[in-house]
Each structure stands twice: as C-alpha cells, then as structure tokens.
Amino acid sequence: MSFDDYIRVRPRYLRKERKFRRDIGVIVKKPRRYDWHHVEIWEDDEVEEIWDAEREWNLDEVPFTFDMDSKQIVAVGERASVLKKNIKFIGKYRQGTLVLISNYKGILLVIIIFKKGGKGVAKKLETLMRGTIGGKVVWECSESGNMTGRIWKKTMNLIKNMTKVLRGCKNENSLDWKKAIVLNFDNYIIHLERNLADEYAKLYGIFGRCLIRNASHIQQPIDQHIGIFLKNKIKEKLEGWICNNNRLNSFGQTLDIDTQKWREITARLVLEGVREVESEDSHVFPLSWVNYGLYLKLDGSQDGDIDTLHKDSTARDESLRQERTANLIEKVTIRKRNTGTVDRVYTPLHANYTMLDADANSHVITHKQAHNLDHLQYDLSKQNKNALNGFRMDFEQDLTILSNILPDLSRIISPYDVLTLKSIYKIYGDEKQLDLFLLKELHIPTRDRNGRITAFPSKGITYVFKKKNKCYPHRHKQ
C-alpha cells in the first residue's frame, strides 16, 4: 500500500476505531460537572474528550538475523573485519524473532523467540526455555524461531500481568479491571485467535484490534520506527561484543561458547538495547504514532490530510524535535492533580466484544604477518594478563544477572592493533620512530626480521626466548 492509498482508507478505519474506543472508555470524555475536585485537569474549555494514549499499545514481531557469512560487521562510517571461527554455530541458530510491545512512552515488554534446533539441542536448552532478564525481556523457544499459539497465549498473559496498575486492578486475578486498554497488531493468523481475544477482552479489559492490512510499513509504530531503532542498537551491541571476542582471539586465546551461552548473551544485549533506546531515543515513541492518527482531531476532520503523515522521525534540529514531541504528548496525555482530589469512578465494561469486528475493519478496500603475530601475542599477553583473565571470569558469570558486567577488552592494545600501527609507520613514517614508540609508549620489545629481541622496553618485564630448543629467562634492569 502506498502513502496515497493509505490516506484514502485511513478516515474510514479511524472513524470505526474511535467509536470503539469511546465505547470502552479509552477516549475519555470530560466530566459533565467538571470542577477542581476532579483528579483530571482539563485546562482547555473547548476540549471535550482526549484519546488516552497511555492505554494504547502496539505489538509486532521483528525478525532478526545475525549474519556472519559475510565475515563483515558494518557500522556507521566504519568497516571491521570479523573473525568467526569461535562462533560458527551462529549460522545454525542465528534466526529468531523479537516480539515488541510499546506505547507512546516506551517499551512494555520484549519477548525473544529463539530457534530450538534439533532434538539433541532442544534437550540441552531446557534451562533457557523460560527465562526473564531485567523484567522487560523474556525469552522462549519454538521449532521455527517464530511466534506460535503457545507463545501467543503466554504473551497475552504477560501483558495482563504487566498492565494491572494501568487497568486499575487490585485483585491478583485481574478480573476487577476498571480501565480498558487496546492492543493493536497486524493480521497474522496467530493474533486472530478469536476465543483468546474475546476472553482477554471480557475478563481483563485487554481489547485486541487489527491494523489495516498491507499498511504496517506506514501505520504500525513498531514496524515503522521503534523496531528499526532497537534492531540497530542490538546490532551495535553485537558488533561491540564480537570485536571484544576478536581481541581475545588475537592473543591466540578462545572462549567456549555453546548455544546456551550465546542465547544468554543475546538476551543481555537486547535488554541493553532497550534501555538505550528509551533513554537516548525516547522521542521516537511519541513520533512513531503520528501516521496511525493518534494525535489528529477527534472529529475526523484531519484523517484524510496527507500532510499529517511523516516518513522520517529524525529531525536534525534537536530543539524543534523536542518541542514537537512535547506538543504531541500533551495532546494525548491526561494530566492529574497530586493531592486533595478523588479519581472518577470506573466500572467494568464487560463489553460485548468479538474479534470479528476488529478483523473486518482491517479489510479496508484500496485502489602475510603470522610470524610477527606470534611474537606480539606473547609480548602483549604478559602485559594484559590481568585484563584477559578478568574477561574470562566475567564471561563465565551468568550474564542475565544484571549485577554481572558484560566482558570488555576494548581498552587494551591487541596484536592486530600493533600490526596496524607498524604498517602505518612503515608507509608514512620512520622505522626508528616506530621502535621508540613501541618501547616507550607500548612497552613492547623490538625484534628483527627473525623475531630476535633487539631492545627491551624500560618497563621491567620477564621474557623467555628460545635458542636450539632451550629456554633462557631474561629480565631487563630497571
């Protein structure tokens, strides 16, 4: 569906969706006898109703793939070669799905669906079948790595448990809900399980609604913006972790990374990515609902205006972006007084709800250095012994426990770094200056073409060199 097609069908879609939200109270009407006793603040006398965006959610599945076949990890403005000998298994277990649930404020939940693999692998992964990290990230496994009916039921249950306060529930079973919420999703067949949808709508006030078919790339907030931002963050984290692993490899050392450990790392990287998106790119959340029509006038007068759509949420001027974001949030946020007020009385709707109406409304009709490397590995391993051992110790920790830090070797000099510096000095500089740099700054002994040490650094380090199959220790004097 093109932008022109979408803007033609959006008025009909929003007209029905707004009516439904008025029926269930997500579009909140101003009290008839409003005064300062009410907890809600209605400053504009002309505003008679507000679309309560806090109770409007979007769910989408975002496929992810860690493609190592190219041997290249590419980030913005740079290119880095990747060693993949220790993570070959990713080729078999790299595919999966991220299930994201978010509103205009942030991310409620991320479910990572891993691919199980063969029968032998499935048994090994039992300990990781059901887990959680940081509250917001949960993982599951399926044969294909995609959403299944079993996982969909668990997803709805998690949403129910995580929105109790928002729905005004006091009882543990959530059956005493006072405020309804809406969960928007695409027309994937598993989402359209009508019995489950009716159950959650009537019992828990969680009303599933279908988006316009073939318009997710324009209409759906996660598909349009949030999913892209999060995938980029996760990719950056993955690049950093692989680079750290490669630095360890450059010292001639390896890690034993099995599938369970890889999934553990993935879950941690996803959580770190979620935290960064919410802190550094928070403007994306309100802006991502623009094309849906969340901020339009509720009388429908702007629904068919193509100028209300945007194709890019990244404004270059930071002040203008902040101002625009604040204006959008104000339109759909119900402000409340802090003290001395009584909230309005909500009663359970128990609406006569069916997925048939939501599904029907979505059908809108449209028109050479190996020798040198060995010596460098030996020389630098002695200097970085503590860092290398610390990296291994951090890696052995359970990375899904947030108090355990992620392994990091980014602050040490690796053998490949020194090889690169040598090449640059030889092409553009003076080899004598290179020797001084190695000795005084990096504290690395200089060697001749045969690998024999010609000078020691000023720092006292013990070296062992071989001669006719015999080892001779030597310590340079301070």
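# A walk through the structure, strand by strand

Start with strand β11: Ile 206, Gly 208 and Cys 210 point one way from the strand, Phe 207 and Arg 209 point the other way, and all of them are buried. The model you're looking at is a predicted one, so keep that in mind as we go. With five of its five residues buried, β11, which covers residues 206-210, is largely enclosed by the rest of the structure.

Who sits beside β11? Its partner is strand β10, residues 181-185, and the two pair in the parallel sense over five bridges. If you want a spot to look at, find Leu 183, which stands opposite Gly 208 in β11. To get from β10 to β11, the chain crosses through helix α5, residues 194-204, and this β-α-β crossover is right-handed.

While you're at helix α5, have a look at two of its tyrosines. Tyr 200 and Tyr 204 both lie in this helix, four residues apart, which is about one turn of the helix. Both of these tyrosines are buried. The structure holds ten aromatic pairs, and Tyr 200 and Tyr 204 form one that is tilted, with 5.0 Å from centre to centre and 50 degrees between the planes. Elsewhere, ring pairs link Tyr 13, Trp 51, Trp 289 and Tyr 292 into a cluster.

Now for another strand, β9, residues 137-142. How many of its residues are buried? Six of its six are, so to speak, under cover: the strand is mostly covered. On one side you'll find Val 137, Trp 139 and Cys 141, on the other Val 138, Glu 140 and Ser 142, and all are buried, which leaves both faces of β9 covered. Strand β7, residues 107-115, pairs with β9 in the parallel sense over six bridges.

A disulfide is a covalent bond between the sulfur atoms of two cysteines. How many disulfides does a search of the whole structure find? The search comes back with zero. As for where cysteines sit, Cys 210 is buried, with a relative accessible area of 0%. Cys 169 has a relative accessible area of 13%, and Cys 169 counts as buried too, because the cut-off for buried is under 20%.

Next, a look at the backbone. Most residues other than glycine have a negative phi. Ser 174 has a positive value, near 65 degrees, and Ser 174 is a residue other than glycine. You'll find Ser 174 in the loop between α4, residues 149-162, and β10. Asn 214 also has a positive phi, about 65 degrees, although Asn 214 is not a glycine. Its place is the loop between β11 and α6, residues 216-219. Are these two residues buried or exposed? Ser 174, at 0% relative accessibility, counts as buried, whereas Asn 214, at 64%, counts as exposed.

Asp 303 is buried, with a relative accessible area of 2%. Which side chain does the side chain of Asp 303 meet in a polar contact? That would be Arg 18, at 2.8 Å. Beyond its neighbours within four places in sequence, Asp 303 is in contact with several residues, including Ile 7, Arg 10, Pro 11, Leu 14 and Leu 296.

Finish at helix α9 itself, where Pro 286 has its place. Pro 286 is buried, with a relative accessible area of 1%. Along the chain, Pro 286 and Asn 103 are 183 residues apart, and their C-alpha atoms are separated by 7.9 Å. Leaving aside its neighbours within four places in sequence, Pro 286 is in contact with Tyr 104, Tyr 295, Thr 325, Leu 328 and Ile 329.

How values were computed:
Residues numbered from 1 in each chain as written. Predicted model: local features only at pLDDT ≥ 70, side-chain atom pairs only at ≥ 80, totals over all residues. Heavy atoms only, no water. Buried < 20%, exposed > 50% of the residue type's maximum accessible area, 1.4 Å probe, protein only. Pairing = 2+ DSSP bridges. Right-handed = clockwise from strand over helix to strand, strands pointing away. Disulfide = S-S within 2.5 Å. Polar contact = N/O pair within 3.5 Å; in protein donor to acceptor, adjacent residues only side chain to side chain. Contact = heavy atoms within 4.5 Å. Phe/Tyr/Trp six-rings, centres within 6.5 Å; stacked < 30°, edge-to-face > 60°.
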